[in-house]
Amino acid sequence: MKVRNPHSGLHDHCIAPLDAAAIAAHAAALRAAQPAWAGRSPDDRAADLMVLADALEASPDLLAALTADTGRHSVARLEISATAAALRRWAATAPALIAAAHRPSSPAAMPGITFSTAPVPYALVGVISPWNFPLLLALTDAIPALAAGCAALVKPSEVTPRFIAPLMACVATIPALAPVLAVVEGDGATGAALVNTVDFIAFTGSVATGRKVAEAAARAFVPASLELGGKDPMIILASADPHQAAAIALSASCRATGQACQSIERIYVARAIAEPFLAELTRLADAVPLNTASPASAGLGPFIFEKQAHQVQAQVDDALAKGATLLAGGRVENHGGLWLRPTILTNATSAMAVMTEETFGPVMPVTSVDTPGDAIALANSGDFGLSAAVLAGTLDEAAAVARYLHAGAVSLNDGALTSLLSDAEKSSFKLSGMGPPRSGAAGLTRFFRTRAIYAQ
Ligand code: NAD
């Protein structure tokens with residue numbers, strides 16, 4: 001299978017997707033190794049995760065591969081740091097969480113009898129991940145699974161597979177970890193085969209594929225944790241500073257070229273400050289450079305997935321055909337790879353796909369609203385509930401609006417806080433996901449079954 005380079009547009013890499021037999025062989029080997037891993041102390045497993053964090057940060061090959069996968073050197077560097085930070089955070093927190101999951105109890109009504117609850121890790125956790133942050137999302141679920149004592153079989157996206165080899169070279173240097181973590185090349189068929197070989201599936205990707213995975217997992221009686229798409233709203237109240245709001249909105253919509261699951265995709269601004277807000281947003285958007293010269297140059301990166309660029313263009317064209325006004329950007333540019341300058345649309349309505357369907361590009365459709373109530377109603381409309389943002393003159397005012405929002409995470413007076421990088425527990429509402437939070441204590445304890453022990 002040929003793999004396209006997002007910066008040059010050339011198909012300069014190849015993978016051999018694993019078939020069902022190869023996946024089954026990996027699963028068998030991982031299952032055989034898992035009891036020894038689970039038998040190590042939580043502190044020893046945590047120590048190995050710390051070693052992996054150091055190895056990822058010290059690997060020039062990993063940085064080069066991730067840069068080629070995504071076409072953006074600076075974001076690749078940040079992604080490696082974020083993954084190393086996640087490894088260190090779980091290493092620091094997992095031993096205490098595991099200790100807390102062992103719960104003795106002695107009911108007063110039954111003298112001489114003790115009950116206790118012991119956590120039992122699933123033997124093999126399967127992970128299927130998307131292309132937008134290839135390394136971080138391949139490991140976000142695998143890290144707490146490993147910390148809990150599970151083995152992990154990870155199938156990243158076929159769109160961005162170059163990082164797999166250098167990642168596995170880092171893993172190979174850690175003797176106890178290497179037999180229980182396999183990250184493999186493959187496509188959708190590989191992913192479908194994987195679902196049938198594991199005890200728990202953690203999926204990150206689109207709603208359409210998530211539905212297929214959930215159906216297959218249900219047939220196999222395998223619990224599934226799904227992190228899916230979003231259409232995150234930003235509400236800007238009349239008390240917000242319009243210039244500051246413009247800077248926050250631009251960064252929250254366009255970081256990583258808008259190819260982040262938690263990314264602002266629609267903006268509801270108080271009519272009273274709409275004019276200065278849009279003027280500043282347009283000024284800032286027009287000044288953003290593209291990194292067309294090289295992945296290492298400053299500026300907005302290319303679309304990672306060619307098909308995504310065409311989908312984004314179709315949404316922009318649909319909005320313009322239905323009466324939106326274009327203030328900036330608007331046309332995908334071909335410089336080998338495909339780029340879109342930060343794009344601002346005003347007079348956006350819910351009749352336009354750009355206001356209802358996931359965009360996954362640097363597009364900011366803006367609607368002016370008269371009251372906070374109108375903004376809340378519009379923000380809560382639609383199928384998704386991943387995250388949201390509220391900007392106001394004070395935190396209290398922003399928090400008062402946030403409590404009405406149907407979203408698993410809300411940023412106050414900021415637009416880019418992501419729960420992946422914190423210990424806060426975030427659920428995904430509506431079509432944005434299913435299952436326990438992947439961050440905080442639940443992010444680890446979801447990989448345990450519990451055994452009740454009764455002793456006389
Ligand atoms: P996708 O659903 O097309 O693919 C995701 C993964 O599923 C890939 O590894 C793919 O090979 C695999 N796959 C495809 N068909 C399969 C099948 N039948 N069975 C099992 N696996 C299969 O998603 P994508 O285009 O790679 O990623 C973009 C999507 O991911 C967006 O919708 C984005 O919002 C979402 N996403 C969500 C989060 C989150 O945390 N909620 C994070 C990042 C991305």
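1. Let me start with a loop residue. F360 is found in the loop that runs between helix 13 (353-356) and strand 16 (363-369). Please keep in mind while reading that this is a predicted model. The backbone at F360 has a phi near 65°, which is a positive value in a residue other than glycine. F360 counts as buried because it has 27 C-beta neighbours inside 10 Å, and the cut-off for buried is 20 or more.

2. N413 is in the loop between strand 19 (409-412) and strand 20 (429-430). Is N413 buried or partly exposed? With 19 C-beta neighbours inside 10 Å, N413 counts as partly exposed.

3. Now for the chain as a whole. It holds 16 helices and 22 strands. Along the principal axes, the C-alpha atoms fill a box of roughly 75 × 60 × 40 Å. A compact globule of 456 residues would have a radius of gyration near 23 Å, and the chain has 23 Å, so the two agree. Of the 456 residues, 52% count as buried.

4. A word on how the chain is connected. Take the contacts between residues at least 6 apart in sequence: 70% of them join residues at least 24 apart.

5. In domain 1, 17 residues are in contact with 19 residues of domain 2. On the side of domain 1 that touches domain 2, the elements giving two or more residues are helix 3 (60-70) and helix 4 (73-101). By class, that side of domain 1 has four nonpolar, eleven polar and two charged residues.

6. Why can the ligand be said to lie between domain 1 and domain 2? Both domains give residues to the shell around the ligand, and therefore the ligand lies between them. There are 30 residues around the ligand, and those that come nearest are P130, G188, G191, G205 and C261. The elements that give two or more residues to this shell are helix 8 (188-195) and helix 9 (207-219). Helix 8 supplies the largest share, four residues. Sorted by class, the shell residues divide into twelve nonpolar, twelve polar and six charged.

7. E227 lies in strand 9, which covers residues 224-227. E227 is buried, because 27 other C-beta atoms lie within 10 Å. Which residues does E227 contact, leaving aside its neighbours within four places in sequence? They are T204, S428, G433 and R438.

8. G382 is worth a look for its position. This glycine sits in the loop between helix 14 (372-379) and strand 17 (384-385). With 18 C-beta neighbours inside 10 Å, G382 counts as partly exposed. Leaving aside neighbours within four places in sequence, G382 is in contact with K231 and T356. G382 and K430 are 48 residues apart in sequence, and their C-alpha atoms are 9.1 Å apart in space.

9. Apart from its neighbours within four places in sequence, A298 is in contact with P289 and N291. A298 and A321 are 23 residues apart in sequence and 33 Å apart in space, C-alpha to C-alpha.

Technical notes
Residues numbered from 1 in each chain as written. Predicted model: local features only at pLDDT ≥ 70, side-chain atom pairs only at ≥ 80, totals over all residues. Near = placed C-beta within 6 Å. Nonpolar A, V, L, I, M, F, W, Y, C, P; charged D, E, K, R; others polar. Domains from an automatic or database assignment. Rg over C-alpha atoms; globule rule 2.2 N^0.38 Å. Buried ≥ 20, exposed ≤ 12 C-beta atoms within 10 Å, placed from the backbone. Contact = placed C-beta atoms within 7 Å.
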